[in-house]
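Student: I have a structure to go through. Can we take the terms as they come up?

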Amino acid sequence: MVIASDVSERSEQRDRRRPVRSIDVRTTGWAEQHREHRYGSWKPRLLWALTSRSWVKLPINFFLIHHRDGPVLFDTGVDPALVSDPNYISQAMGRFLLNRIFRFHLTADDRLDAILARDGVAARDIRLAVISHLHFDHVGGIAHIPKARLLVSEREWAQLSEPHPEREWILRDHIELLGAHWHPFAFQPTDDPIFAGFDGIYDVAGDGSMVLLPTPGHTPGSLSLLIRQDGWAPILLVGDLTYEAALLDQDTIPGTGDADLLRASYENVRNLKSRLPDLVIVPSHDFAAADLIANATAPRPVSASRSAGR
Ligand SMILES: [Zn+2]
């Protein structure tokens with residue numbers, strides 16, 4: 001016989017093991033980048049930036065995660081003011097180079113607050129955003145989420161104190177906003193063997209469902225977000241660590257970033273995948289992101305998620 005309190009206790013337990021309701025992939029427009037940028041090249045960065053004639057498309061995504069404690073963003077996309085406001089990037093040199101590295105296709109509808117509104121979420125209600133790294137196409141929406149705590153790694157934040165961060169597309173004007181609640185954090189040591197090789201972890205909600213891992217290389221303080229709960233395949237949102245999941249498996253380094261740091265992070269992620277065999281790797285600028293998330297979160301046998309390391 002099942003009594004009512006057993007049923008509610010069981011559903012409470014299930015809730016505790018499944019704190020994330022959904023993960024939505026949203027795009028703040030799309031762009032084109034050079035083939036050498038996405039897939040790597042023997043040429044130095046400036047050379048391919050100025051001479052390449054091959055362009056490949058990429059989406060500029062962010063992720064809306066519905067956690068029990070409230071909606072959480074992973075990155076905030078690009079601000080369409082980049083194409084509509086000629087002063088958005090104040091330096092002439094920056095504008096000149098940007099047009100040689102990217103072609104942007106953005107509309108006013110692609111702004112973070114407009115996208116969230118279409119999802120029934122008021123931008124002002126967002127209380128937490130995890131920023132994978134400080135590039136302008138990941139922090140572009142922060143002006144529209146004034147109540148959000150903006151989590152960024154201490155190492156990434158330190159770039160603002162180094163000379164000329166704008167040379168690496170870290171644009172102070174769009175980061176150091178009045179009233180922006182930046183929260184640079186330090187990764188905490190862990191003895192959990194799942195995370196061996198990573199230089200610490202950061203448990204975002206305190207329930208193990210959203211864990212940040214340092215994955216430097218694209219920028220010195222880039223991070224990834226591991227989402228784990230019963231019934232789903234574990235998901236690793238890797239930001240710009242790679243532009244396509246297969247490139248990480250093949251050890252194909254892109255045309256930007258620190259190659260040695262990228263290779264070390266690739267290895268750490270592949271080792272994580274060997275310990276969490278169902279791990280789904282989701283890059284930010286991958287058109288396959290929505291399909292990857294849909295597959296990872298599709299209903300599956302409980303035993304499968306258990307064997308994935310829960
Ligand atoms: Zn980037």
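Student: What makes strand 8 and strand 9 a pair?
Tutor: Two strands pair if DSSP finds at least two bridges between them. Two bridges join strand 8 to strand 9 (residues 210-214), so they meet that cut-off. They run antiparallel. Asp 203 stands opposite Val 211 in strand 9. A strand here is a DSSP run of E with at least two residues, a helix a run of H or I with at least four, and both are numbered from the N terminus.

Tutor: A word on the source. This is a predicted model, in which local features need pLDDT of at least 70, side-chain atom pairs count only at pLDDT 80 or more, and totals for chains, interfaces and linings use all residues. Residues are numbered from 1 along each chain as its sequence is written.

Student: Why is strand 8 called an edge strand?
Tutor: The open sheet has five strands in the order 8-9-10-11-12, with mixed pairing. Strand 8 (202-203) and strand 12 (280-283) each pair on one side only. That makes them the edge strands.

Student: Which strands does strand 1 pair with, and how do you know?
Tutor: Strand 1 and strand 2 share twelve bridges in the antiparallel sense. Asp 24 stands opposite Leu 64 in strand 2. Four bridges join strand 1 to strand 4 (residues 102-105), also antiparallel. There, Glu 32 faces Arg 103 across the pair, standing opposite it in strand 4.

Student: How do you know whether Asp 251 is buried or exposed?
Tutor: Count C-beta atoms, placed from the backbone: a residue is buried if 20 or more others lie within 10 Å of its own, exposed if 12 or fewer, and partly exposed in between. Asp 251 has 12 such neighbours inside 10 Å, so it counts as exposed. Its place is the loop between helix 9 and helix 10.

Student: And what is Trp 169 called?
Tutor: Trp 169 has 19 other C-beta atoms within 10 Å, so it is partly exposed. Trp 169 is in the loop between helix 8 (154-158) and strand 7 (181-185).

Student: Why do the buried residues of helix 10 line one face?
Tutor: They are Leu 262, Ser 265, Tyr 266, Asn 268, Val 269 and Leu 272. Seen down the axis, they fall within an arc of 165°, so they line one face of helix 10. The arc is that of the directions from the helix axis to the C-beta atoms. The face turned away carries the exposed residues Asp 260 and Ser 274.

Student: What about the buried residues of helix 11?
Tutor: They are Ala 289, Ile 293 and Ala 296. Their arc is only 65°, which puts them on the same side of helix 11. The face turned away carries the exposed Asp 291 and Ala 294.
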